[in-house]
Amino acid sequence: MTSTLLEADAPVPASPTRRAPVLLLVVLGVILALLAAGAIIGAVKLRDAERRDDARDAALGAARQEALNLTSIDGRDIDTDLSRVLNGATGAFAKDFSQRSKDLKTVLAENQVVAEGRVLDAALVRGDLDTATVLVVVDSNVKNKAAPAGRDNTYRMQLDLERHGSRWLTSALQFVG
């Protein structure tokens, strides 16, 4: 009788048919977790790429506008034009342009300069969420006392930009060949 009691108390080994549903549920759970993780990672990467693209597009637009502001000047309304350039500037460029504005204002007014710029092309050299470098090509028709009919000039500029809040401002500008 003792041997019968021991056999009755012994655990019954699980049958293969009982293990299969549990194993299947575990495998399905792991697969679903991996798929969810992959979807989340993909969504985050897509969102980051869209943010970078938006930042680059905004920087490119700001550079185009600043180049246009610099090459579209009317000596009869110079204060407005110089303010527009300074409004799109920051850092060393803003400081330098501000310091030179008084002399520039005098020269432009005395020579009755009227310049109308037109952006021909612009390209992003590099950019991230907070900084960018843009090359811009601008044609500008410049009329003044010496050339009342106007003279066409082509300018190639490299603008370095920084993001300040939602605005992209020019921090450095150089004319390039």
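Five strands make up an open sheet in the order 1-2-3-4-5, with antiparallel pairing, where two strands count as paired if DSSP finds at least two bridges between them. Strand 1 (73–74) and strand 5 (167–175) are the edge strands, each pairing on one side only. Helices (H or I, at least four residues) and strands (E, at least two) are DSSP runs, numbered from the N terminus. This is a predicted model, in which local features need pLDDT of at least 70 and side-chain atom pairs count only at pLDDT 80 or more, while totals for chains, interfaces and linings use all residues. Residues are numbered from 1 along each chain as its sequence is written, and side-chain values use heavy atoms, with hydrogens and water left out.

**Strand pairing**

- Strand 1 and strand 2 (114–127) pair in the antiparallel sense over two bridges, and I73 has A115 in strand 2 as its bridge partner.
- Helix 4 packs on the sheet, touching strand 1 and strand 5, and its direction makes about 65° with that of strand 5; the axes are lines fitted to C-alpha atoms, for helices over the stretch in contact, and angles run from 0 to 180 degrees between N-to-C directions.
- Strand 2 is joined to strand 3 by a hairpin through three residues, and strand 2 pairs with strand 3 (residues 131–143) in the antiparallel sense over 12 bridges.
- Within that pairing, A115 has V142 in strand 3 as its bridge partner, and E116 stands opposite N141.
- Strand 3 and strand 4 also pair in the antiparallel sense, over 12 bridges, and V136 has M157 in strand 4 as its bridge partner.

- V113 is found in the loop between helix 4 (91–110) and strand 2.
- V113 counts as buried because its relative accessibility is 11%, where buried means under 20% relative accessible area, exposed over 50%, and partly exposed in between (1.4 Å probe, protein chains only).
- Leaving aside residues up to four places away in sequence, V113 touches I73, D74, G75, L108, V142, K143 and N144, a contact being heavy atoms within 4.5 Å.
- Although V113 and P148 are 35 residues apart in sequence, their C-alpha atoms are 9.1 Å apart in space.

**The largest pocket**

- About 520 Å³ of space lies in the largest pocket, a volume being the space filled by probe spheres set on grid points that are joined across faces, edges and corners.
- Of the 22 residues lining this pocket, the closest to its centre are L70, I73, F97, L104 and F175.
- On a 1 Å grid over the protein atoms alone, a pocket is an open set of points where a 1.4 Å probe fits, with protein on both sides within 12 Å along at least five of seven lines, and lining residues have an atom within 4 Å of a point.
- Helix 4 gives the most to the lining, with seven residues.
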